[in-house]
Amino acid sequence: MLRTLGDLRLEDGPRQQPKLLLLLAYLSLEGPRERTHLHHLFWPHATDPANSLRVAVRRLRAGAPGSLAAEGTRLVSRVPTDALDLLAASGGGHHARVVELYAGRFLEGLELPDPSAELEEWVFHSRELLAARVREARLALGEAAAARGEDATATRHAETAYLLPGAPEPEPEDLRRLYLLLLAGHSPHAAEVRREAERYGLTLPLSAEEARRLLRPEAAPAPSPPSPPAPPAPASRLPTFGTSFVGREAEVRETLRRMLDPVCRLLSVVGLGGMGKTRLAVQAACALQEAGAFADGVCFVNLAPVASPAHLTAAVVEALHLGLEGPEDPARQLARLLAPRHLLLVLDNFEHVIGAAGQLVALLEACPHLKLLVTSRERLNVQEEWVLPLEGLVPLGRRWSEESGDELDDHPALLLFVQRAQRSGRGFALTAHNRDAVLELCRLVHGSPLAIELAATWARVLPVEEIVAELRRSLDFLTDVGGRGPARHASLRVVFEQSWRLLDGAEQGALARLSVFRSPFRREAAARVAGVSLPVLATLTDKSLLLPMSGGRYGRHPLLYEYTAEKLSAHPAEGEAAREAHARFFLGLLAGRGEALAGPGQRAALRELEAEYENLLAAWAWATGHGEFAALRGAARVLRVFFDRSGRYRDGIEVLAGAADHLAGLPNADPVTLGELLIHRAVLHLRLGTPGETGALVERGLGLLDDTANEAVVEGLDVLAVLELRGGRPARAKRYWERALSLTGGREDATTCRLWNMLGTAEQWLGHHRRAEAWYGQALRLGRDLGLVADVNRTLNNLGAMFILTERFGEARGVLEEGLGQARELGLSLVTVHFLNNLAVVFSALGEGSRARDHGEEALTLIRALGDASLEAEVLETLGRVELAEGHLNPAHSLFVQGLGKAWPLRQWPVILPCLEGVAEVMARLGRTGEAGRLLHLVAGHPAAPRQLVLQAERVLETPLPSSPDPDPDAAQFEGHLQASIQLILQPGPPGTVVTP
């Protein structure tokens, strides 16, 4: 982590020159930059700025491996940065996290000799930007505390926000919010803020009580001051609806708060068509009307039928039933008649007359007591506007899987569907059987109220599961077949067509090209793939067709994707160009993350790839379909590592198998690409514990390759070695790893590091502990020199296991606890299981049974989620040992049998034999020494039995046992001797019973 807030330092790394860390900070916040740009930004007066940058990059890579990467002529930071985390937290509305991250001013105390003016300006601007985000977070936290009646807490947040070092001058709105919080808490700073605010001509409350009332929107609003005598405005009824208002409680409260705020006079509720903007505005307007907040009432103006901005005044005049006379300009007459009135105008569907936004500003200037509540598909973009964005009933950034609780109130989208479906008259009821389907439907339409209502109309004739299936097939399924709603909401297609017509040609083209993205995308990706600039992204966001998301990404309503993809399909050449650009961008992204996945930037790289998962699959599918062998080879290994590290073994197997099957049928099939794909598939099959498929895939893959394809061949030999080790044949495994090492040509890299580690494992299984420790030492030295944190982590686990075998439990505990912390931090789920399992063994040996059980059970939970049967068997055997050490014989026996049941189908002898020995030990303790002895003799005579296991069996029987004279025969010849005993042990019986073999 690069710390830039408070001071400048790189955590868990050697001290670096401030200028080098500043370079990292700049690239982290600004994204990839051309080397030529960095030359003169950081070394404006150097004789050879290009060389200065090269030296800086070398030093960074030496001192902080993995911190920088190159993408062609551009440099990219791979270091997570606290400032970037703060901006992401701010964008996601996580105010408490923003405050937690802010340890001080950005680059506090940084002094650089003779920096460029541009770099100085960047530091100053970034410092102000971050401090402004912190002030906003403090204000939001203060307002939330004030709404709960916690005035002291609210005031502390406001005082911190007001006095925040490095923040820019407060805007008028910030001053108003500060003053309300400070006044409500009787802060001495309230007077200072008031003086600043008055310079802007802001109208501020006069008492702490009035400030508290404004800060607590749930309190009944006080009536507005009486208006000067004026002709009464004819009553204008708000529209009524035949259905209930569901959800949106927070948005209603926010609307009321803004409408009661003296500073806010124009609030725009903005969102995609069908999001419920009208219902929300009417609901809030009703509450304000009932509370008497506007002495002259509330007027609703429907602008949907209005043809042009020129007709806005006429529409308002008609809604108010005003009579205009004489030659005076109608807009001036309207302003004169409304000037004395305390009135709220609700202007619905303003996107039809968006060009009339200036008329609203003029009306507000002429009418000091008038307020406007506007609904629109796009922002008005005037200075007076406050905006309330409206998304689905579940915001786009929220995961449906995080929803909890069984009450309908926990799922407003679900409640809306149920209520509307029950109106069909067919007795719809939410049940345990259909609840998941209803939730899936709501997720598919991402909480769009209109889409949910249209889908619910079909509940009278179709089960929910079939509604979901139809919805997946076509957007046109969502149609108001009864014609009960307004024409503009007759279907989702009609809604989208209305928004599409509001775009100009360039905006339509941009939105169509953006349909090639399968998930939220970054600004840089939009520019590189679809040629969409930041101003166009901003325009599409203002029109509610894109949604800003945390992390600097842009999303959209899922149903809009299908619609815009149809628009792009009308232009085949443009569509194919966009899909190719998309594929090459994301395949390049994959190929460029290999180094990061091996180094300290691994976790950030995995998070990035996870965020782009759908886009990566689309790019892979395009390259497969077009036979792009070189691009596939460049991306395949990183994609496989991603599937491996994220535990998506089956997904990875399916993706790789689909590509290999398609490519094999092409006339120009490339054997090298096919061979590599087969070996990558084998690695994932190995994780699933399917040795037959694994071995067959490797043999096929190696048959297509020669030794010039070193990396793929080495990986294939590595997989074969692991299979031999799991089969209880460490000598054969060692020979495979030695052959693989010979193909590396003596280089010292990540591959060599892994092979040294695995050779240590082979020697360990052969009982050559000093040789094993030497190989582990070499692997640790190389891994640390190269910054290969994942490889170092795995070597620590193996070294800890060796210390266990040699009964050096104190050393084992230290090594394993260090490694477990690293594995958790890196997000290495599989390696975390190994550490937890080995620590369970250590704690059991040290007499700490409770801690041993906790570690083992956590490992079991993790590995069952990952689906690795082979490792699950090891964990079950360990837990059996823990229970046995505690004297719990029946639980121990049950766990040994479960482990045996997992390991036997895989013929995983390194686990089968310890499980059998454990069963025998339980028998011996129950006094059944004859049966135990027969089983232990079979175990000790198996060629895969390590010396340590034989010694354990001897301790149980208190007599020496013969070990196999041949260190490496075929283990299969012994299966006949054991098979009958194993099958008998695995036979189901009453719980807690010990079966006699």
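Trainee: In what order do the strands of the open sheet of 5 strands stand?

Mentor: This is a predicted model, in which local features need pLDDT of at least 70 and side-chain atom pairs count only at pLDDT 80 or more, while totals for chains, interfaces and linings use all residues. Residues are numbered from 1 along each chain as its sequence is written, and side-chain values use heavy atoms, leaving out hydrogens and water. Strands (E, at least two residues) and helices (H or I, at least four) are DSSP runs numbered from the N terminus, and two strands pair if DSSP finds at least two bridges between them. The pairing in the open sheet is parallel, and the order is β7-β8-β9-β6-β10.

Trainee: Which strands stand at the edges of this sheet?

Mentor: An edge strand here has a single partner strand, so one of its sides is left without a neighbour in the sheet. From one strand to the next, the twist averages 20°. The edge strands are β7 (298–302) and β10 (385–389).

Trainee: Which residue of β8 is the bridge partner of Val 301?

Mentor: Strands of a sheet pair through backbone hydrogen bonds, either parallel or antiparallel. β7 and β8 (residues 343–348) pair in the parallel sense over 5 bridges. Cys 299 has Leu 345 as its bridge partner in β8, and the partner of Val 301 is Leu 347.

Trainee: Which residue of β9 does Leu 344 stand opposite?

Mentor: β8 also pairs with β9 in the parallel sense, over 5 bridges. In β9, Leu 344 stands opposite Lys 371.

Trainee: How many residues of β8 are buried?

Mentor: Buried means under 20% relative accessible area, exposed means over 50%, and partly exposed lies in between (1.4 Å probe, protein chains only). In a regular strand the side chains alternate between the two faces of the sheet. Both faces of β8 are covered, with Leu 343, Leu 345 and Leu 347 buried on one side and Leu 344, Val 346 and Asp 348 buried on the other. The number of buried residues in β8 is 6 of 6.

Trainee: What angle does the direction of helix α11 make with that of β9?

Mentor: Helix α11 (residues 249–260) packs on the sheet and touches β6 (266–270), β8, β9 (370–376) and β10; contact means heavy atoms within 4.5 Å. Axes are lines fitted to C-alpha atoms, for helices over the stretch in contact, and angles run from 0 to 180 degrees between N-to-C directions. The angle with β9 is about 150°.

Trainee: Why is the pair of Phe 585 and Phe 586 edge-to-face?

Mentor: The centres of these two rings are 5.0 Å apart. The pair is edge-to-face because the planes of the rings stand at 85°.

Trainee: What is the relative accessible area of Gln 764?

Mentor: Gln 764 is in helix α35 (residues 750–765). Gln 764 is buried, and its relative accessible area is 10%.

Key: Rings of Phe, Tyr and Trp (its six-membered ring) pair if their centres lie within 6.5 Å; planes under 30 degrees apart count as stacked, over 60 as edge-to-face and the rest as tilted.
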